[in-house]
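Subject: A structure to look through

Dear colleague,

Here is the structure that I promised to pass on to you. Please open it beside this message and follow the residues as they come up.

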Amino acid sequence: MNLCTIRHAAGAAALALAATAAHADVRLTFDAGTEGVTAFDGGSISHDAGGFLVMADTTGGDMRAVLPPALLAGAAGWLGGRLSFEAINLSGDSANWSPFGEVTLSGGGQTLTVDLAAPGEPGAGWTTYAADLTPAVWGPSLPAVLAALDGVTIKLEFHDGIVETAGLDNVSITAVPEPGAGWLLLAGLLALAGAARRKPAAPRV
């Protein structure tokens, strides 16, 4: 394998590893808009100029924020990662509806739900809610659900009544870094490139 071939292989490996990691991560800061997040089951969503989403209760359903489907490609890489979001009680109504903070993952005909919030949440200040994306937290079906993921919702209903308003910000799903074997391959290719560069040319006869 000549130096040019090694360089091309190393460059392709680096781009593939970086693209995979970047594609799998999700970070929604809502600085400029709703970023494709929609409301479901009894809520309306709007963007606040302060850089967050406002969800107002409009019906007797449990209002939920729905992540855009375009972000779910590559979700298999989330296994072992971490999901988090920030929320706040904007209306001051009592937080007496315990399902607040439930995150639901749907895929492959299965649905998994985990409540990330303690009773009495959310409060009057921004709070981060998070959970590891592991079978220990979500159950043994998590790998199969992530591999076929077609829906992620966050339940923001926190009051027993049609009055409350909640804020949502900084939704993040962090994928697991690429396996060490991939980076070892890249390192090996770079080492070969270095060795080829140092190798003296064979004498002409």
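This is a predicted model: local features need pLDDT of at least 70, side-chain atom pairs count only at pLDDT 80 or more; totals for chains, interfaces and linings use all residues.

Six bridges join strand S7 to strand S8, and these two strands run antiparallel, where strands (E, at least two residues) and helices (H or I, at least four residues) are DSSP runs numbered from the N terminus, and two strands pair if DSSP finds at least two bridges between them.

Residues are numbered from 1 along each chain as its sequence is written, and side-chain values use heavy atoms, with hydrogens and water left out.

S7 also pairs with S10: five bridges join S7 (residues 102-107) to S10 (residues 149-155), and this pair is antiparallel as well. Within it, Leu105 stands opposite Val152, and Gly107 stands opposite Leu149. Both pairings belong to an open sheet of five strands in the order S2-S5-S10-S7-S8, with antiparallel pairing. Its edge strands are S2 (38-40) and S8 (110-115), each of which pairs on one side only. On average, neighbouring strands of this sheet are turned by 25° against each other, direction ignored, with axes taken as lines fitted to C-alpha atoms (for helices over the stretch in contact) and angles running from 0 to 180 degrees between N-to-C directions.

For the chain as a whole, the secondary structure comes to four helices and 11 strands. Of the 205 residues, 39% are buried, where buried means under 20% relative accessible area, exposed means over 50%, and partly exposed lies in between (1.4 Å probe, protein chains only). Among the contacts with a separation of 6 or more, 72% are between residues 24 or more positions apart, a contact being heavy atoms within 4.5 Å.

Leu79 and Val176 are 97 residues apart in sequence, yet their C-alpha atoms are 6.8 Å apart in space. Not counting residues up to four places away in sequence, Leu79 touches Leu133, Pro135, Leu142, Pro143, Leu146 and Val176. Gly80 is found in the loop between S5 (64-66) and S6 (82-89) too, and Gly80 is partly exposed because its relative accessibility is 46%. Gly80 and Thr174 are 94 residues apart in sequence and 9.0 Å apart from C-alpha to C-alpha, while the residues that Gly80 touches, again leaving out those up to four places away, are Leu133, Thr134 and Val176.

Which charged residue is buried yet has no salt bridge? It is Asp57, and the nearest side chain of opposite charge, Arg64, is 11 Å away. A salt bridge here is a side-chain nitrogen of Lys or Arg within 4 Å of a carboxyl oxygen of Asp or Glu, and Lys and Arg count as positive and Asp and Glu as negative, with His and the chain ends not counted. Asp57 sits in strand S4 (residues 52-57), and its contacts beyond four places in sequence include Gly42, Met63 and Glu157.

Asp41, in the loop between S2 and S3 (43-48), has a positive phi near 60°. Asn170, in strand S11 (residues 165-174), has a positive phi near 50°. Asp41 is partly exposed, with a relative accessible area of 34%, and Asn170 is partly exposed at 29%. Finally, a cis peptide bond, with omega about 5°, joins Glu121 and Pro122, and Pro122 is placed in the loop between S8 and S9 (127-132).
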